[in-house]
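Please keep the sequence and the coordinates open beside the text while reading.

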Amino acid sequence: MRKTMRQAGRATVHLVLAGAMVFGLCLFVTVLLITAVGTLTVVGAWLLPETVLLIRRIAGAKRAMTAAWTGREIPEAYQPITGPLRQRLRTAVHDPGTRTDLRWMFASYGYGTLVLVALPLWPLGLVADGVWCGLLRRAPVVLPLITRLADLETRWSQALLRPAPQALLAARVERLAATRADAVIAHEAELRRIERDLHDGAQARLVALSMRLGLALRAYDRDPEAARALLVDAHHHAQEALTELRHVVRGIHPPVLTDRGLVGAVRALAASSGLDVTVSVTGGLEEGPRPPAAIEAAAYFAVAEALTNAAKHGGGRRADVRLERLRGGLRTVIGDDGHGGADERGGTGLLGVRRRVAALDGELTVTSPAGGPTVIEVELPCVW
């Protein structure tokens, strides 16, 4: 009985908030009328985009309220209202999200008053369910109806506030355009990094090697010992040039990733890290087929960047890496016991990882409060 009363109380609070929002929307009709008159007379046309933005905020509050009850987010898909007045007016009128919000607003005037049905059920439920449960030891009957009314209200809100398919498609196109632009930026930055590494590292050493070989050739006949010393020095520079080239190749696509797969490559990273790293693998990732090369590379570089940041900036001693095979993708979670405070804008390389992940239509989540711990989660779509 107590559990039923608590649930009915939560449902009543939800319905009261919904009723209060409906009361506010009744007052909002005045704003709608002023906006309509101003738009028709052209003088107050600027009110229309502002009113639409206000409606979006109200609908967003309702989405948050519904998500708090159901535990499921309702997506938003709006076209940005920006630019000159003519463009803002056109967007406000033609955006499918505007029609969705108005449809919900006018429908909520009816179903949003379910609180008027729920409140009278309390005295009836306390008496009827008190006798029914206290004397007959049966499950309550009346008070659960309040919870069902809250469920009904949220189902209607979900159905009315869910964006239209064309709005979701437009939002999807915008997101793909943004991720493509980020991918181009990341690709250009990667090319510049490779060019810089080759120019400042391997190329400089190869030039020095060529010069020493030339000096050795000139000194070979008249001073063999000096030529020998130059050849030894040239051999040393050749070794360093090879090391630089291997470093550049590992930055493009690590050979260990090709040879040993993602699990083996991550374990190699853990072994070479300055932290005490634990690697766990779930979902049959080791036994099943390997992910595509691009997915493996994105997950590998995310782990490498996270472990590097934890060792250099985090100040922690331990880290945990979890690789999980999902039905439709790959999830990688990296956590450390450092002091937290990781910032993508602080030059830690997380922004580059986010761009790489976004280019593959994945998601990167960074949780790093001050004081720690830091948890980085990467989820990449993948067809197995």
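Contact, as the word is used here, means that heavy atoms lie within 4.5 Å. The model is a predicted one, and the values below are computed from it. Leaving aside neighbours within four places in sequence, Lys 62 is in contact by that criterion with Ala 18, Met 21, Trp 104, Glu 153, Ser 157 and Leu 161. The points that follow take up the nonpolar cores, the cavity, and then individual residues and loops.

**Nonpolar cores**

- The largest nonpolar core is made up of 35 residues, and those with the most contacts inside it are Leu 262, Val 277, Leu 307 and Val 321.
- At least two residues of this core come from each of helix 10 (255-272), strand 1 (276-282), helix 11 (293-314), strand 2 (318-325), strand 3 (329-336), helix 12 (350-359) and strand 5 (374-381).
- Helix 11 gives the most to this core, its share being twelve residues.
- Apart from this core lies another, of 15 residues, which includes Leu 25, Ile 55, Ala 59 and Trp 104.
- As general background, nonpolar side chains in soluble globular proteins tend to be buried together.
- Within the contact pattern of Val 277, and not counting residues up to four places away in sequence, the residues touched are Ala 270, Leu 307, Ala 319 and Val 321.

**The cavity and its lining**

- The structure holds one cavity of 30 Å³ or more, and the space in the largest cavity comes to about 30 Å³.
- The lining of the largest cavity consists of Ala 18, Met 21, Val 22, Lys 62, Trp 104, Ser 108, Gly 112 and Glu 153.
- Two or more of these lining residues come from each of helix 1 (2-40) and helix 4 (96-111), and helix 1 gives the most, with three residues.
- Sorted by class, the lining has four nonpolar, two polar and two charged residues.

**Lys 62 and helix 2**

- Lys 62, one of the residues that line the largest cavity, has its place in helix 2.
- Is Lys 62 buried or exposed? Its relative accessibility is 2%, and because buried means under 20%, Lys 62 counts as buried.
- The C-alpha atom of Lys 62 is separated by 37 Å from that of Ala 298, a residue 236 places apart from it along the chain.
- Just after helix 2, Gly 71 takes a positive phi of about 80°.

**The loop between helix 1 and helix 2**

- Both Gly 44 and Val 42 are found in the loop between helix 1 and helix 2.
- Gly 44 counts as buried because its relative accessibility is 9%, whereas Val 42 is exposed, with a relative accessible area of 61%.
- Not counting residues up to four places away in sequence, Gly 44 touches Gly 38 and Thr 39.
- The C-alpha atoms of Gly 44 and Pro 120 are separated by 45 Å, the two residues being 76 apart along the chain.
- Val 42 has a positive phi of about 70° although it is not a glycine.

**Backbone details elsewhere**

- For orientation, most residues other than glycine have a negative phi, and most peptide bonds are trans.
- Asp 361, which is not a glycine, has a positive phi of about 65°; Asp 361 lies in the loop between helix 12 and strand 4.
- With a relative accessible area of 28%, Asp 361 is partly exposed.
- The peptide bond that joins Gly 372 and Pro 373 is cis, with omega at about -5°, and Pro 373 is found in the loop between strand 4 (363-367) and strand 5.

**Ser 280 in strand 1**

- Ser 280 lies in strand 1 and counts as partly exposed, at 30% relative accessibility.
- Leaving aside neighbours within four places in sequence, Ser 280 is in contact with Val 321, Arg 322 and Leu 323.
- Between the C-alpha atoms of Ser 280 and Ser 157, residues 123 apart along the chain, the separation is 41 Å.

Conventions:
Residues numbered from 1 in each chain as written. Heavy atoms only, no water. Core = buried A, V, L, I, M, F, W, Y, C linked by side-chain atoms within 4.5 Å. Buried < 20%, exposed > 50% of the residue type's maximum accessible area, 1.4 Å probe, protein only. Helix = DSSP H or I, 4+ residues; strand = E, 2+ residues; numbered from the N terminus. 1 Å grid on protein atoms, 1.4 Å probe; cavity = no way out; pocket = protein on both sides within 12 Å on 5 of 7 lines; lining within 4 Å. Points joined across faces, edges and corners; volume = space filled by probe spheres on them. Nonpolar A, V, L, I, M, F, W, Y, C, P; charged D, E, K, R; others polar.
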